[in-house]
Amino acid sequence: MNYRAEIDGLRAIAVVSVILYHAQIVIFGRDWFEGGFIGVDIFFVISGYLITRIILTELEETNSFSFIKFYERRARRILPMLFLVIVVCIPFAWQKLLPLDLVDFAKSALSAIGFGSNFFFYLSTTNYGTDTSFLKPLLHTWSLGVEEQFYIFFPIFTLLIWKFARKSFLTLLIGMLLMSIQFADVMEGTNSDFNFFLPFSRFWELFIGSALALIELKYGRTKNVILTQTLPILGLFLVVHSITFFNESTPHPSFQTLMPIVGVALVIMFCSTEDFVGKVLSLKPIVGVGLISYSLYLWHFPIFAFGRIGSFNPSAYDKLEWIALAFLLSIISYYLIERPFRKKYLITTKIVYVTFFAVISGLVFFNYNLIKNDGYKSRLPQILLKQNLDEAVWDNFKQNGKPCYQRKSDFCKIENDISLTTVYSLSDSHFSAMSPQLVKFLGKQFNYTEANIGSCPFVLGVNKYNLGGKHAHCTNEFQNLRYSLINHKPSIILIGGRFPLYLNSMKFDNKEGGVEGGKTGPFKAIDGSTFEDAFKKTIDKLTKDGHQIIFVYPIPEVGVHVPKHLFQKIQKIKEIKNLEVINQLISLNPLTTSYKVYSDRTKSTFELFDSIKFTNVHRVYPHKLFCDIQIKNRCVTYNKDEVFYADDDHPSDAGAEMVVNKIMHKIFAAEENIRKIK
């Protein structure tokens, strides 16, 4: 293959757009790179083009293909830097991550080594692009998983077509391409999270690159001056426009993603160093960034993740420092790791195999031990060990020997006696966090059914939209399914959750440096009414069915991950087991939030809940437990004995117990009402 400098120029655009997207730097009141996630798609097209050229050129020249040589070249290209980044991340993960986060990191490292990051992060990450996901140091390796899965599938596919249907290669390739993009567009409307990580939803982008390579090898590159002078400009415009104007509401990947992908295709197909775009992309500084783009892609995300963990509200200056560090490490690793490993005369095949085997064995052994030992909880003082630090996800709780699982859209049901009153929890992850305490307090006096869905309040007749598509687990169909579970009448139904977020779609800002940032997807009623009207209709329906409703008003948000905040404070002292010193450190400048900020934030929620007046509606006010309204006008997050939060808004076991105590008083009052009716 002849070297094409403009391809490296495209790589530079791709990696810079991804970095600036992850940096979330606001300039003149706007993040100008909200569509920077498109950079990954640019990489996919380039990869498809280059890999297909390599395979087809070898088949053309030798009429054979060596899988061993192909995968050795891919391994030399991908694995050394991947291993290096994982190894360097480990001590920082040990220092900065809480035990369960450390276990999650270890699992992500193993999934990256096993070429399955995209599937792992789909199962463990609710939504790519959220602040929580940006704290996962190896999240970006999901794209390597997609490429590696393509490298496994495509050479076999190509060899079979070459042998048995060579003349139909382009036709079959286009057919696969069309099926893949159609699948992605349909899947975006049904399960946008799965669609984002699924390889077949991305293969069409790689196939477009493959088709370009096939056309180029078969017909050569066009020499039409008009086309070579105009189409690369159009292509570059489409790419830059997408990076600038796409955002979290853009359906992706979908038909709309064709805009930047077609742009990349036009540049690859018609660009050369003779036209304007080619000359720009071939400038030495741009090509230089393209050459280190792989190292830059791998380094930047863990630097950003660990930086964010150590800073509640990083400034633009902080982020520029992170970017500079990523560039420095990338330049060093490009010359010391990437280039040497690509050259057989420097590092022989035998050395490569021995090195890879040793590194993989070491990483598997170390990360397996992190998982086996639960992230070494002994690193933490007692005050943090007592808390539920699993970000309020109830993985497995047993009552009377009956397992109860809570995973995204799974529901939990515990029945002791059909003659007993049933308590239904129809809310979001805040209530999932409280479920273990609820089950403990309810005991054998009540039946219990949980139908909580993360970021999804119980409102009939609405759909939630996420990253441009319908939320996979918060649709009208799922809401009806939740309603259908209410098969005991009359019953007690718990309603609540993070309504301030659902009503205005804005994440929390505590006005004191703790900024959650970002937005959540909007809710749209299927009959065209408002979210508030749909909620009122839902409660009206439940009350007419004879149920007792318990409104649990919003738990104060913090804007800062409370256990991580404490962990960082404790890391500053050497004698971590000295409880007196720890308690003094924790008591110094305690983490609290403003009650006024809480009041302003929850005003619309209180108005909505207060506007619903039925005799069978009961109310619980968690802020009265957390906030000192009369004196200091502040809301607390922990005391010297217990931490009340599992992250920045979900209650820990201790916080949940406080709220559930109040809920139980209302449950007994509601049950008394049911007995009177009976």
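1. Before anything else, here is how helices and strands are named: helices (H or I, at least four residues) and strands (E, at least two) are DSSP runs, numbered from the N terminus. Keep in mind that this is a predicted model, where local features need pLDDT of at least 70, side-chain atom pairs count only at pLDDT 80 or more, and totals for chains, interfaces and linings use all residues. Residues are numbered from 1 along each chain as its sequence is written, and side-chain values use heavy atoms, with hydrogens and water left out.

2. Let's start with a pocket. On a 1 Å grid over the protein atoms alone, a pocket is an open set of points with protein on both sides within 12 Å along at least five of seven lines, while a cavity is a set of points where a 1.4 Å probe fits but cannot get out; lining residues have an atom within 4 Å of a point. Grid points are joined across faces, edges and corners, and a volume is the space filled by probe spheres set on the points. The second largest pocket has a volume of about 1000 Å³. It is lined by 33 residues, and the closest to its centre are Arg11, Leu50, Arg74, Arg77 and Arg342.

3. Which helix gives the most to the lining of the second largest pocket? That's α2, with nine residues. Helices that each supply at least two residues of this lining include α1 (5-23), α2 (38-62), α3 (67-96) and α15 (316-342). By class, the lining divides into 18 nonpolar, five polar and ten charged residues. For these classes, Ala, Val, Leu, Ile, Met, Phe, Trp, Tyr, Cys and Pro count as nonpolar, Asp, Glu, Lys and Arg as charged, and the others, Gly among them, as polar.

4. Of its 13 lining residues, Asp101, Asp104, Leu135, Lys136 and Pro137 are the closest to the centre. Helix α4 (residues 99-113) gives the most to this lining, with four residues. Sorted by class, the lining of the largest cavity has six nonpolar, two polar and five charged residues.

5. Have a look at helix α9 (residues 203-219) too. Its 17 residues reach 24 Å from the first C-alpha to the last, close to the 24 Å expected at 1.5 Å a residue (the expected span is 1.5 Å times one less than the number of residues). Is α9 largely enclosed or open? Since 13 of its 17 residues are buried, α9 is largely enclosed by the rest of the structure. Here, buried means under 20% relative accessible area, exposed over 50%, and partly exposed in between (1.4 Å probe, protein chains only). Just after α9 comes Gly220, with a positive phi of about 80°.

6. On to a sheet. Six strands form an open sheet with mixed pairing, in the order β3-β5-β4-β8-β10-β12; two strands pair if DSSP finds at least two bridges between them. At the edges stand β3 (412-414) and β12 (617-620), each with a single partner strand, so one side of each is left without a neighbour in the sheet. Further in, β4 (residues 422-425) and β8 (residues 492-496) run parallel and are joined by three bridges, with Tyr424 opposite Ile493 in β8.

7. Phe551 sits in β10, opposite Arg619 in β12, and counts as buried at 0% relative accessibility. The C-alpha atoms of Phe551 and Val617 are separated by 7.1 Å, although these residues are 66 apart along the chain.

8. Last, some backbone details to check in the loops.

9. Asp374, in the loop between α16 (349-372) and α17 (382-385), is partly exposed, with a relative accessible area of 40%. Ser505, in the loop between α20 (499-504) and β9 (523-525), counts as buried at 17% relative accessibility.
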